[in-house]
Amino acid sequence: RILVPVGRRPGPAFEFNVSKGERMSAWVKQRAAQVRKVGEDKAPWYCYWKEPDGATRSKSCGTGAGGQKKADRLAEKLNAELLLGTYQSKDKRTWAEFRAAYDAKVLAHQDPNSRKTAKRSLDTFERVAGIAGKRMKSISSETIAEFVAKRKNEGGRISKKVSPATVNRELTYIRAALRAAYDWEYIDRIPKVRFEKKPKRLPTFVTPEHFGKIYKACHKARF
């Protein structure tokens, strides 16, 4: 085995397994297109790594010196795991595995009402989106959009269809869960969540007849 230490900007650090001919690496860089668009200070830093099967993955770590430092730490961690043979691909982790972790680490510490609402929202997302048993990496912005489209056409408790307010409440809990999934590295990016527009309520006017009655009753009012 030949190990090249982790570097910063000059180039990738990698481990080369001579016996198997496999190159396993993790490195840090910014994307040229983003640097050209927003400048080096505002462009995010990414940690890239090549898994044992040859697939290349990446994770955005933020902008500026803080983002670069976070990316460097992740690259060092991944290189150490690849070197020691303890690295496990996160691509195979499922929604069920994430739900178990999220329920234990987050929902279990919420008040009963919030926990009940969050659990019901995530259960609904799992049912409508059909993600039970699927890998976390399969959840995308398209998954969210399809969930919203199907959910809106389901029957509600009062009306024939689920209200935009109900859908938005569920999306709030879904977005919070997906943010946790990103922080815990279950997913490489947070899918976009587009909330439904609530219909505007028509203003209510007092009719001339009712206004006349109110006016006549004013002298009876006591202050």
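**Close-up views of a predicted model**

**View 1. Helix H2 and the residue that follows it.** In this predicted model, helix H2 is followed by Gly-85, a residue whose phi is positive, near 80°. Helix H2 itself comprises the 21 residues 64-84, which at 1.5 Å a residue should span 30 Å, and the distance of 31 Å between its end C-alpha atoms agrees with that expectation. The buried residues of H2 are Gly-67, Gln-68, Ala-71, Asp-72, Leu-74, Ala-75, Leu-78, Asn-79, Glu-81 and Leu-82, a list that includes Asp-72 and Glu-81 as well as Leu-74, Leu-78 and Leu-82.

View 2. Arg-99 is found in helix H3, which covers residues 95-105. Because its relative accessibility is 6%, and buried means under 20%, Arg-99 counts as buried. When residues up to four places away in sequence are left aside, Arg-99 touches Lys-119, Leu-122, Asp-123 and Glu-126. With one of these residues, Asp-123, the side chain of Arg-99 makes a polar contact, side chain to side chain, at 3.1 Å.

**View 3. A nonpolar patch on the surface.** Val-206, Phe-211, Ile-214 and Tyr-215 form a nonpolar patch on the surface, and together these residues have about 480 Å² of accessible area. Val-206 lies in the loop between helix H6 (164-183) and helix H7 (208-216). With a relative accessible area of 54%, Val-206 is classed as exposed, since that term applies over 50%.

Definitions and conventions
Residues are numbered from 1 along each chain as its sequence is written. This is a predicted model: local features need pLDDT of at least 70, side-chain atom pairs count only at pLDDT 80 or more; totals for chains, interfaces and linings use all residues. Side-chain values use heavy atoms; hydrogens and water are left out. Helices (H or I, at least four residues) and strands (E, at least two) are DSSP runs, numbered from the N terminus. The expected span of a helix is 1.5 Å times one less than its number of residues. Buried means under 20% relative accessible area, exposed over 50%, partly exposed in between (1.4 Å probe, protein chains only). Patches are made of residues with over 30% relative accessible area and no salt bridge: like charges are joined within 9 Å, nonpolar side chains (Val, Leu, Ile, Met, Phe, Trp, Tyr) within 5 Å. Accessible areas come from the Shrake-Rupley method with a 1.4 Å probe; for residues, only the protein chains shown count as cover. A salt bridge is a side-chain nitrogen of Lys or Arg within 4 Å of a carboxyl oxygen of Asp or Glu. A polar contact is a pair of N or O atoms within 3.5 Å; within protein, one must be able to donate a hydrogen and the other to accept it, and residues adjacent in sequence count only if both atoms are side-chain atoms. Contact means heavy atoms within 4.5 Å.
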